[in-house]
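I opened this model to look up its strands, its sheet and its helix packing. My notes are kept in the order I made them.

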Amino acid sequence: MNPSDHPLVIVVGAGGVGKTTLAAALALNQAQHGDDTLVMTFDPSLRLKDTLGIHEGEESDEVKVADYDDGSLTASLLDARRTFDRLIDRYAPDEEARRRILTNRFYDHLSGSLAGVLEYMASERLFEISQSGRFGRIVLDTPPTRQALDFLGAPERIVGFLESGALRIALKPWFDARGRFRATAKFGIIGRNVESFFDRMVGLELLRDMAEFFQAFAPLFDGFRERALEVQELLRSSDTLFMLVSAPGPQRVADTLFFARRLKEAGYNLGPVVVNRLHPHLGNDSKAGLPTVGSDQDGRRLLQWLAHRDAQGAAHLRDLLGKSHPVVELELRPDEPTDVQALAQLGDQLRKGIEDNLG
Amino acid sequence: MQTENSIFARLTELKLIVVTGKGGVGKSTLTSVLGRLFADAGRQTFLVEVDPRENLHQLLGVPPSGGDIVEVAPRLRVQHIEPRTILDDLVREKLKVDVVASKVLASPVHKHFTEGAPGLKEAAVFGRILRLLRGHTPRGIPTPDVVILDAPATGHGVSWLAAAQLVADVISSGPIGHLAAEVAAFLKDNQQSGVVVITTGEEMPVQETLELIHSMRIRLNQAPELVIANALYPTLPPEIPAEGEDPLFDLWYSRRQINDSELERLDEGWLGPLAELPILPIEPGPALVGRLSRYLKRELETGS
């Protein structure tokens with residue numbers, strides 16, 4: 001349950017809840033406690049990027065952020081397209097296969113917009129680095145996804161796709177040497193109907209492009225498939241711990257609970273649940289009833305109302321999950337923590353919150 | 001006073017409004033708010049959501065309906081559309097023979113093609129919306145004057161808007177290709193369709209909004225009709241207590257300062273209509289939608 005006991009920590013949660021900042025704070029804290037730590041991140045704010053010293057399109061994708069007597073922090077910005085290209089460089093059997101893939105017009109669409117590619121690439125890169133043994137601890141931020149679990153499903157989806165009949169069908173020689181569609185009788189009357197249906201629906205041109213893409217990709221598939229399985233194993237191993245981050249407020253509880261259940265059901269190791277950016281109880285506000293707000297312009301009363309609302313949400317989540325997981329509450333700060341000092345403070349709070357709530 | 005060229009008047013000329021923005025900024029709330037405004041102004045309004053959690057239904061005070069069109073107020077209806085179902089319907093429609101249709105639907109090629117082909121689902125949702133606008137509604141349900149789509153949050157907001165063109169480029173013939181081309185043309189026609197971007201007054205949502213506006217300009221040669229900055233802390237009173245005297249005020253002060261500087265950055269990068277809405281002490285639901293719609297109406301009529 002404690003991130004300090006796991007070499008690999010994956011920070012998950014819906015978009016906009018502060019995953020990236022918490023991943024950076026956690027990683028910095030681990031570094032300050034003596035680990036050589038890597039934080040892998042997707043989409044940091046401009047100021048956080050400056051603090052971590054990472055920028056798109058740079059030669060080296062790993063930047064040393066801080067060096068302590070014992071322990072260090074390195075940051076890396078994940079870029080799906082670059083990782084995809086690197087993968088093809090590695091698995092393509094020869095220059096010709098590599099060139100065919102990189103110039104296929106599907107590749108452009110696929111590497112940018114195919115569902116799950118970014119997620120898959122993240123776990124792929126994670127595996128690569130974790131195998132290299134260069135870091136004692138890795139903290140992975142996860143990309144913003146519609147369904148927050150897309151990230152975890154990606155390796156399995158890729159394997160499912162590779163094992164499905166889609167690939168075999170796509171790899172059939174659909175076109176003869178002159179590029180004309182070749183009707184096949186293998187599937188009998190229904191099979192021919194299915195094929196001719198796709199022909200009518202999407203046109204031969206698309207089928208030709210897809211077939212060419214899959215044929216070009218075929219030599220890579222074995223390595224790809226094996227790797228996807230290994231990644232999946234790593235994500236489920238006891239070395240890996242998930243930290244779930246949620247926004248405050250009662251209306252988020254259902255989503256957070258759903259996410260926690262899905263993670264556990266799928267066999268992942270869920271650790272702390274962090275309710276992030278709660279409006280704090282300040283001033284002489286009583287925690288008894290909900291304060292009434294007179295005017296929409298009264299910011300003090302509004303903040304009290306928000307503090308009360310957020311506390312209710314956190315209490316509800318604690319009731320539901322607190323027995324099995326440390327539920328950590330982190331307050332909204334006057335400013336977003338982006339410099340090293342503020343991140344270190346947040347990291348301390350997070351560590352303390354986890355330790356205090358470990359049963 | 002509503003003037004001829006107010007933003008509200010301009011919005012009411014459109015047939016389709018796509019509401020987009022980063023996750024957690026209040027897209028569904030603002031989709032409902034816009035819906036309330038249009039319905040109150042006498043327009044037959046359809047709200048469409050794609051997210052299976054059916055948040056719009058909750059916000060409007062009706063239970064999830066699993067795809068049925070539900071009337072939530074006079075002239076205001078909401079529907080959840082499942083992209084996969086539309087694609088399956090399309091197969092059934094084109095294949096008259098049941099046994100062949102079910103064979104196609106069960107085939108891995110269909111499954112992976114519809115799951116994996118970039119842009120296909122998005123184009124299908126827009127295709128369905130186009131049909132609604134052309135009067136293909138179930139018996140007893142009027143043709144909508146305007147459809148408002150609560151577009152899902154994606155890493156790249158422009159992908160929903162660019163999807164149809166992508167499909168049209170890749171699939172140049174057949175019914176899917178034709179549908180995509182038609183949808184792409186509709187989305188490009190700024191007399192008929194427009195985009196409203198929702199953000200909050202915080203760094204990351206503002207950053208993504210500016211990037212979205214930029215990529216809309218570059219990739220689609222389009223601009224949003226309106227940007228709405230939602231969930232802003234109240235503006236500060238003239239009398240400011242000294243720092244440290246009142247911790248509650250200090251937090252209000254610093255959060256509002258962030259709102260102000262981010263709004264300024266947004267305004268400089270966008271230069272178009274910008275509406276500002278407050279955080280209200282009301283849980284999400286019809287009461288919040290009602291209150292916010294009055295705020296938004298005022299913002300849109302005065303113009304900014």
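The entries below go chain by chain, beginning with chain A.

**Entry 1: chain A overall**

I note at the outset that this is a predicted model. I looked up the secondary structure of chain A and found twelve helices and eight strands. Next I checked burial. Chain A has 359 residues, and 44% of them are buried. Then I turned to sequence separation. I took the contacts in chain A between residues at least 6 apart in sequence, and 74% of these join residues at least 24 apart.

**Entry 2: strand β5 of chain A**

How many residues of β5(A) are buried? I went through residues 137-141 of chain A and found five of five buried.

I looked for the partners of β5(A). Strand β1 of chain A, residues 8-12, runs parallel to β5(A) and is joined to it by four bridges. Within that pairing, A:Val11 has A:Asp141 as its bridge partner. Strand β2 of chain A, residues 36-41, also pairs with β5(A) in the parallel sense, over four bridges. There I found A:Met40 opposite A:Leu140.

**Entry 3: a helix pair in chain A**

I picked α10(A), residues 253-265, and α11(A), residues 299-321. Their axes are 10 Å apart and the packing angle is about 25°. An angle under 35 degrees counts as roughly parallel, so α10(A) is roughly parallel to α11(A). The crossing of α10(A) and α11(A) is right-handed.

I listed the contact residues. From α10(A) they are A:Val253, A:Thr256, A:Leu257 and A:Ala260. From α11(A) they are A:Gly313, A:His316, A:Leu317, A:Leu320 and A:Leu321. Sorted by class, this contact has six nonpolar and three polar residues, with no charged ones.

**Entry 4: the sheet of chain B**

In which order do the strands of the chain B sheet stand? I read β3-β4-β2-β5-β1-β6-β7-β8, an open sheet of eight strands with mixed pairing. The edges are β3 (70-73) and β8 (274-278) of chain B. Each has a single partner strand, so one side of each lacks a neighbour in the sheet. On average, neighbouring strands of this sheet are turned by 25° against each other, direction ignored.

I followed β6(B), residues 193-200, to β7(B), residues 226-232. They pair in the parallel sense over five bridges. B:Thr199 has B:Ala229 in β7(B) as its bridge partner.

Then I looked at the helices on the sheet. Helix α10 of chain B, residues 203-220, packs there and touches β6 and β7 of chain B. Its direction makes about 155° with that of β6(B). Helix α11 of chain B, residues 247-270, also packs on the sheet, touching β6, β7 and β8 of chain B. The direction of α11(B) makes about 175° with that of β7(B).

**Entry 5: strand β5 of chain B**

I checked residues 146-150 of chain B, and five of five are buried. B:Val146, B:Ile148 and B:Asp150 lie on one side of β5(B), with B:Val147 and B:Leu149 on the other. Both of these faces are covered.

Strand β1 of chain B, residues 16-20, runs parallel to β5(B), with four bridges joining them. B:Leu16 stands opposite B:Val147. Strand β2 of chain B, residues 45-49, is parallel to β5(B) too, joined by five bridges. B:Glu49 has B:Asp150 as its bridge partner.

**Entry 6: B:Lys22**

Is B:Lys22 buried or exposed? I found it in the loop between β1 and α2 (27-40) of chain B. B:Lys22 has 25 C-beta neighbours inside 10 Å, so it counts as buried. I also checked B:Lys22 against B:Gly140, 118 residues apart along the chain; their C-alpha atoms are separated by 36 Å.

**Entry 7: a helix pair in chain B**

Last, I took α7(B), residues 120-133, and α9(B), residues 174-188. Their axes come within 9 Å and cross at roughly 75°. The two helices α7(B) and α9(B) are therefore roughly perpendicular.

The α7(B) side of the contact is B:Ala123, B:Phe126, B:Gly127 and B:Leu130. The α9(B) side is B:Leu179, B:Ala180, B:Glu182, B:Val183, B:Phe186 and B:Leu187. By class I get eight nonpolar residues, one polar and one charged.

Notes: Residues are numbered from 1 along each chain as its sequence is written. Chains are lettered from A and ligands numbered from 1 in the order in which they are written. This is a predicted model: local features need pLDDT of at least 70, side-chain atom pairs count only at pLDDT 80 or more; totals for chains, interfaces and linings use all residues. A residue is buried if 20 or more other C-beta atoms lie within 10 Å of its own, exposed if 12 or fewer, and partly exposed in between; C-beta atoms are placed from the backbone. Two strands pair if DSSP finds at least two bridges between them. Axes are lines fitted to C-alpha atoms, for helices over the stretch in contact, and angles run from 0 to 180 degrees between N-to-C directions. Angles under 35 degrees count as roughly parallel, over 145 as roughly antiparallel, 65 to 115 as roughly perpendicular and the rest as oblique. A crossing is left-handed if the near helix is turned anticlockwise from the far one by less than a right angle, and right-handed if clockwise. Two residues are in contact if their C-beta atoms, placed from the backbone, lie within 7 Å. Ala, Val, Leu, Ile, Met, Phe, Trp, Tyr, Cys and Pro count as nonpolar, Asp, Glu, Lys and Arg as charged, and the others, Gly among them, as polar.
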